[in-house]
Amino acid sequence: MKIIQWFQTLFRIVRTYDVQSIEDTARVTRLSKRIMDTEQVIRERTDLHVDVHNRGKSYAILIGEYRGRDYIKAFHVPHNSIPELIGQMRNLERYATTRRIDCHPFLDVAFEHEFKRDN
């Protein structure tokens, strides 16, 4: 009879499990991994090139590839200071790899230090 009591105890424990919650958690985990994988693919296939001007009129050029086609989009990047522009570029690193930064020679050192450029 002890075995029956043991099974009854197990069934009481199992009844308290929230199966839907477990399924939702697993689904969220799968979707999170899928989102991270997609962000990685986008980052690998997208390059960021920046034309920096110290008067607040800088431009970012995003070049990407998707299904064998190239996509190019240029954006005006308003900024009040070079550190602000560097912060904006840091935020874009989640989506693109910073490649070329065209700037005045006295700004080159700051960008080289921040982005460890080889070019």
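Asp-37 pairs up with Lys-33 in a salt bridge, their closest N and O atoms sitting 3.2 Å apart. The term here covers a side-chain nitrogen of Lys or Arg within 4 Å of a carboxyl oxygen of Asp or Glu, and by that rule the count is one salt bridge. Both Asp-37 and Lys-33 belong to helix H2 (residues 19–45), four residues apart, or about one turn of the helix.

Asp-37 is partly exposed at 38% relative accessible area, and Lys-33 is partly exposed too, at 49%. (Buried is under 20% relative accessible area, exposed is over 50%, and partly exposed is in between, with a 1.4 Å probe and protein chains only.)

## What you're looking at

This is a predicted model, so local features need pLDDT of at least 70 and side-chain atom pairs count only at pLDDT 80 or more, while totals for chains, interfaces and linings use all residues. Residues are numbered from 1 along each chain as its sequence is written, and side-chain values use heavy atoms, with hydrogens and water left out.

The chain has four helices and four strands, following the pattern α-α-β-β-β-α-β-α along the sequence. Helices (H or I, at least four residues) and strands (E, at least two) are DSSP runs numbered from the N terminus. Of the 119 residues, 20% are buried. The accessible surface is about 9,600 Å², and 57% of that belongs to carbon and sulfur atoms; areas come from the Shrake-Rupley method with a 1.4 Å probe, and for residues only the protein chains shown count as cover. As for contacts (heavy atoms within 4.5 Å), among those with a separation of 6 or more, 42% are between residues 24 or more positions apart.

## The sheet

The four strands make an open sheet in the order E3-E2-E1-E4, with mixed pairing. Strands E3 (69–78) and E4 (97–102) are at the edges with a single partner strand each, so one side of each has no neighbour in the sheet. From one strand to the next, the twist averages 20°. Strands count as paired if DSSP finds at least two bridges between them.

E1 (residues 46–51) runs antiparallel to E2, joined by six bridges; Val-50 stands opposite Ala-60, and Thr-46 has Gly-64 as its bridge partner. Helix H3 (residues 82–92) packs on the sheet and touches E1, E2, E3 and E4, its direction making about 150° with that of E3. (Axes are lines fitted to C-alpha atoms, for helices over the stretch in contact, and angles run from 0 to 180 degrees between N-to-C directions.)

Tyr-59 lies in E2 (residues 57–66) and is partly exposed, at 36% relative accessible area. Leaving aside residues up to four places away in sequence, Tyr-59 touches His-49, Val-50, Asp-51, Phe-75, His-76 and Val-77. Tyr-59 and Val-77 are 18 residues apart along the chain, with 5.4 Å between their C-alpha atoms.

## A nonpolar patch

Ile-3, Ile-4, Trp-6, Phe-7, Leu-10, Phe-11 and Ile-13 make up a nonpolar surface patch with about 690 Å² of accessible area together. Patches take residues with over 30% relative accessible area and no salt bridge, joining like charges within 9 Å and nonpolar side chains (Val, Leu, Ile, Met, Phe, Trp, Tyr) within 5 Å. Ile-13, found in helix H1 (residues 2–15), is partly exposed at 40% relative accessible area.
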